[in-house]
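This briefing concerns a predicted model.

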Amino acid sequence: MDVIKTQQISSRPIEKVVVHPLVLLSIVDNYNRVAKDTRKRVVGVLLGSTFKGTVDVSNSYAVPFEEDDKDPSIWFLDHNYHESMFSMFKRINAKEHVVGWYSTGPKLRENDLDIHGLFNEYVYRTDILYVPNPVLVIIDVEPKELGIPTKAYYAVEEVKENATHKSQKVFVHVPSEIAAHEVEEIGVEHLLRDVKDTTISTLATEVSAKLTALKGLDARLKEIRSYLDLVIDGKLPLNHEILYHLQDVFNLLPNLNVADLIKAFAVKTNDMMLVIYLSSLIRSVIALHNLINNKMLNKEHERAEDSKSVAVPSAAV
């Protein structure tokens, strides 16, 4: 198998993609209106700004899109609608420009590179798109596990080392995160307040979050193992950048064979268990104390009632 190298004319321009909650709400609303309970996906344009390798996606709008389920090469995106919508958005906020497009995937599809190429071509043909390297953000509108529902990509030229084949564009994953301004945070908090289940205790929520995190870690480890197996079998090309990141992960793991580290973990665990044990004892003592006080108070009330019942007949005589 030929060794494949990824090359790009300019230096890597995109290091991180930041998606705002308003964008997620808009995309989910569009999906529920157009493609809910179907196998279709929705496509739209992402608006925002780019600064020092960080793409900040602050707004979006949907674009009419159709594709053939049987033939991925047959698809239609209404670019005239895109131009008219962007002209109206530009009047509201001139600082926002087109930074890419989104899809509800939930995974990459065969015609995504063609759609991405359409956005990239219009960079030089019109003044609608202002970013020479647009990003693709895939939004999982129906996530099955807790986590960030966004995956971001941008396209690069990939050429083989022996130069026997033409270069082709491929998607490269870029880290993404969810961030919000202070005004957006207040709005999201109000929305979550309406959907929050108040019957679930804080402890149950924390335990559920820990369990979900462990399940996510297990899924990531299985994904890494699957990738390494495919590389060993020769089904995927060797990517040194991924191996470097994996090596960094392994280097950050603590060495559990060190006696001092084992002792430190044991001491920390014992201290935490001691606090939990003392808390349980104090809680039991307080509950017993309240029970005794309750019984004493009930006896005093009974004595007061008995004394009143005895005093009433004597007064009548």
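Helix α5 (residues 202-232) has 31 residues and should span 45 Å at 1.5 Å a residue, and its end C-alpha atoms, 45 Å apart, agree with this; the expected span is 1.5 Å times one less than the number of residues. Helices (H or I, at least four residues) and strands (E, at least two) are DSSP runs, numbered from the N terminus. In this predicted model, local features need pLDDT of at least 70 and side-chain atom pairs count only at pLDDT 80 or more, while totals for chains, interfaces and linings use all residues. Residues are numbered from 1 along each chain as its sequence is written, and side-chain values use heavy atoms, with hydrogens and water left out.

**Helix α5**
- G216, Y227 and V231 of α5 are buried (under 20% relative accessible area, 1.4 Å probe, protein chains only).
- The cover over the buried residues of α5 includes α6 (240-252).
- After α5 comes G234, with a positive phi near 80°.

**Aromatic pair**
- The structure holds 2 aromatic pairs (ring centres within 6.5 Å).
- The rings of Y61 and F89 are stacked (planes under 30 degrees apart), because their centres are 5.0 Å apart and their planes at 25°.
- Y61 counts as buried, at 3% relative accessibility.

Conventions:
Buried < 20%, exposed > 50% of the residue type's maximum accessible area, 1.4 Å probe, protein only. Contact = heavy atoms within 4.5 Å. Phe/Tyr/Trp six-rings, centres within 6.5 Å; stacked < 30°, edge-to-face > 60°.
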